[in-house]
Amino acid sequence: MEAGPGGALEGLAQQLRAAMTGRRLRQSDLAERAGVSPATVSNVFNLKSVPTVDTLDLLAHAVGITGTDLQQLHSLRERADGRTRRLDSYLAAALSAARDHPYAGVLPGVTPPLQTVYVRQQVQQRSGTPDPRALAHTADQRSVPAESVLAVDVTCVVVAGPGGGKTSLLRTWVAESAKSWLTGHGGGTVPVLVDAADLHGAALADAVACAVSKEMVEALPPRFFAAPPQQGVRWQILIDGLDEVTDLHARRDLLRRLAAVSEGPYADLYRFVIATRPLPPGELTQFGDHFPRYDLLPFDRRHLPEVATAWFGAVGHPSPGQAADRFIKALERTQLTSIARNPLMTAMLCQLHAATPEQPLPTGRAGIYRRFIALLHARQYSPRTTNAAAELCAGLARYGPAVLESANRVLDRLPDLIGFLAVERHHGNGQPTLDIVKRPSYTQVPRRVPEGDWRAFLDTALRRSGLLTRRGNDLVFLHQTLREYLAAQFLARNEQAARRALDDVFTVVADSNQFPPVLQAGLSYAGFLLEEVDHEDLLNTEDEKGRTAQRQLRRRVRYVLEIPFFIADLVVLGSNIPADLVSEAINHLAKIARTDALEWYWRDLAARALTRLGDKRGAEALEDLARDLRAHAQRRQVARRALYQFGDARSVEALYTLTADTRIGDSQFSAIKALLQFGSDAGREALQALSTDSRLGRHRVEAARALCKAGDPRGVEELAALAHDAGLGWHRVEAARLLAGFGDARGVDILRHLAHGHDPNVDERGRMDAARSLAVYAPRFRNREP
């Protein structure tokens with residue numbers, strides 16, 4: 001009789017153990033020889049998990065198993081666990097997709113592997129600022145490698161602007177993690193990369209399985225992700241492009257559903273990493289305030305030569321280091337150094353410089369995209385591509401010259417067709433791409449041509465453009481910023497469409513209720529539109545003088561409160577705004593920051609905008625706000641944090657004054673955590689004092705937890721004391737759970753005590769929480785069973 005899954009795994013383990021014993025090896029020796037973790041070997045011998053194909057090969061090689069004996073081992077492995085086979089298939093597909101999928105900002109003939117040109121970025125944790133626009137745009141001593149955040153077994157949010165490197169970060173992490181799992185070095189989570197749009201309208205596990213199966217030969221079962229990948233291992237769901245869910249209600253619904261999963265019965269099965277552009281103020285609160293949020297920082301100026309050298313090497317330059325030096329000088333001449341710190345812009349600028357080193361680099365963000373896309377189109381359809389148009393139309397030749405003429409007409413107008421598609425997508429049209437692009441008259445199916453053949457031609461032509469790629473059964477733009485630029489470019493070519501689009505932008509900016517969304521999700525598109533309209537110069541007619549985009553900005557900056565902020569954010573983004581208009585906006589921001597009659601919100605926002613633009617009046621205004629005793633303490637604290645984020649040492653002393661207040665409150669506690677985050681010893685001492693203050697109840701547990709996260713050994717001891725404190729009631733459960741989570745076995749003992757109802761001060765809900773936590777953490781301390 002054929003062995004069942006359990007018997008097959010047992011047989012596999014017995015053969016490995018016999019070979020190991022024959023060579024007088026211990027498990028630790030086998031792990032070292034095979035180059036895998038001791039836990040991997042232990043899990044196989046204790047029948048806890050089935051090894052991957054690569055891991056089994058490593059173990060077998062280490063003990064000398066080859067030939068037919070090795071084939072038998074693999075046969076046993078395949079029968080051991082169908083779920084593990086599917087996990088292996090998923091990991092292999094994820095590794096392939098992360099490595100091989102095309103990515104934005106690459107000209108034809110280049111396409112280096114992502115890891116060849118990927119330069120690791122840093123992240124900085126947000127300090128609890130209530131306004132997502134309050135971002136620090138430079139790295140400092142508090143930043144940490146972005147991968148270190150993903151390596152921590154927590155749910156979090158990663159925020160970066162357009163082209164800021166979010167997708168590259170997630171793809172690189174998936175590739176490295178999948179490779180580790182396939183070679184027997186897996187960690188506590190298995191990463192799964194999905195687009196936020198794929199999670200809409202379906203149960204989480206089913207939606208993830210459906211999204212992942214698009215990259216696989218054999219689809220995963222719908223409920224594959226409803227169970228752990230292995231015992232004691234979680235799924236790390238990496239959700240990319242939350243901001244690309246354009247329907248506000250759908251986006252908020254998704255955040256609420258993810259929050260419910262994170263707080264519900266499946267909380268210990270999943271960890272989420274949500275990557276998004278900055279969202280309107282308060283929107284991420286749908287997901288909860290207790291998850292850390294990180295800003296993915298642009299490249300440090302010091303790293304630009306390294307990034308440029310990698311790219312010039314990728315395009316085949318004979319002297320990439322020398323080319324990088326010339327490139328850096330070209331950036332300085334055109335004042336593009338700041339914008340080049342954006343990963344996507346770096347890639348495009350390097351390739352533009354490599355293609356035409358004798359030409360000056362284009363100015364402004366739209367100018368860079370304009371030249372890049374023009375060069376992309378020229379290379380795709382140059383004579384060197386062996387008559388690309390003829391190749392595309394070859395499948396239609398049998399239908400006659402009239403059909404070929406129709407096909408060539410489509411190719412002639414392909415840029416317009418892609419621009420039309422970009423506008424439709426920008427306005428929220430979710431139809432399949434080929435259904436959208438068949439609407440213009442010049443793309444209608446010619447007579448006598450089967451619709452399937454014509455759609456195949458359109459599909460190939462769109463993919464050949466280098467701007468779209470296949471995802472599942474549809475075509476999508478390679479990057480959101482490409483779609484935004486192409487939409488703006490298409491609209492700017494038509495006077496009436498340009499007028500309507502500009503009116504929409506200025507209407508929304510001038511409406512204080514709608515202002516935040518423009519500065520966040522719509523800022524990139526708005527910047528492109530303003531630059532492209534002026535580039536086309538359609539509105540500067542004799543009877544409509546003063547109607548260009550820049551002149552509309554000039555006219556509004558004097559009396560529309562929101563416009564100076566709009567201009568400031570466009571400048572930070574890299575849009576080409578005239579220097580005199582920027583100067584006028586800065587002066588208006590300086591007045592706003594000092595105007596007592598305005599709400600504190602606007603003054604704080606103006607001070608931050610000035611600081612981001614490098615105007616010293618910004619830091620001065622923030623200091624005044626931090627010391628303004630008329631303002632609420634929490635607002636003063638926000639200003640102090642901003643000072644520190646922007647590198648002003650005056651903030652540390654200001655924050656410390658809040659920690660000295662003996663009256664516990666959210667403002668004081670947040671100030672202490674801010675000091676801790678900023679690397680101040682004062683923060684650790686204040687937290688330790690809080691954790692021992694018997695008057696503070698649940699705040700003691702939170703303080704001890706923060707102390708543990710800071711690496712202070714006193715935190716674990718305080719948690720142990722709190723977990724034994726009967727006066728804390730059901731808060732003891734939280735203290736015990738945290739204690740176990742930080743690797744202290746005393747937490748499991750206390751959870752077991754509480755789950756069995758031995759503390760009358762812990763109610764039924766607390767006992768259930770203790771039991772659920774015990775089920776999670778007890779397996780990690782299996783050797784300590786009573």
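Colleague: In which hand does helix 17 pass helix 20?

Modeller: In this predicted model, helix 17 and helix 20 (residues 451-464) pack with their axes 11 Å apart. The crossing of helix 17 past helix 20 is right-handed.

Colleague: How are helix 17 and helix 20 oriented to each other?

Modeller: The packing angle between helix 17 and helix 20 is about 30 degrees. Angles under 35 degrees count as roughly parallel. Helix 17 and helix 20 are therefore roughly parallel.

Colleague: How many residues in the contact of helix 17 with helix 20 are nonpolar?

Modeller: Helix 17 contributes S406, A407, V410 and L411, while helix 20 contributes W454, F457, L458 and A461. One residue of this contact is polar and no residue is charged. The nonpolar residues number seven.

Colleague: At roughly what angle do the axes of helix 17 and helix 18 cross?

Modeller: Helix 17 spans residues 401-412 and helix 18 spans residues 414-426. Their axes come within 4 Å, and the crossing angle is roughly 65 degrees.

Colleague: Which strands stand at the edges of the open sheet of seven strands?

Modeller: The strand order is 2-1-7-3-6-5-4, and the pairing is mixed. The edge strands each have a single partner strand, so one side of each is left without a neighbour in the sheet. These are strand 2 (144-145) and strand 4 (189-195).

Colleague: Which residue of strand 5 is the bridge partner of P191?

Modeller: Strand 4 and strand 5 (residues 234-240) run parallel and are joined by seven bridges. In strand 5, the partner of P191 is Q236.

Colleague: At about what angle to strand 4 does helix 10 run?

Modeller: Helix 9 (residues 166-182) lies across several strands, including strand 4, to which helix 9 runs at about 145 degrees. Helix 10 (residues 204-213) lies across strand 4, strand 5 and strand 6. The angle of helix 10 to strand 4 is about 75 degrees.

Colleague: Which residue with positive phi follows helix 36?

Modeller: Helix 36 covers residues 731-741, and its buried residues include R732, V733 and L738. After helix 36 comes a residue with a positive phi, near 90 degrees. That residue is G743.

Conventions
Residues numbered from 1 in each chain as written. Predicted model: local features only at pLDDT ≥ 70, side-chain atom pairs only at ≥ 80, totals over all residues. Heavy atoms only, no water. Axes fitted to C-alpha atoms, helices over the stretch in contact; angles between N-to-C directions. Helix = DSSP H or I, 4+ residues; strand = E, 2+ residues; numbered from the N terminus. Parallel < 35°, antiparallel > 145°, perpendicular 65-115°, else oblique. Left-handed = near helix turned anticlockwise from the far one by under 90°. Contact = heavy atoms within 4.5 Å. Nonpolar A, V, L, I, M, F, W, Y, C, P; charged D, E, K, R; others polar. Pairing = 2+ DSSP bridges. Buried < 20%, exposed > 50% of the residue type's maximum accessible area, 1.4 Å probe, protein only.
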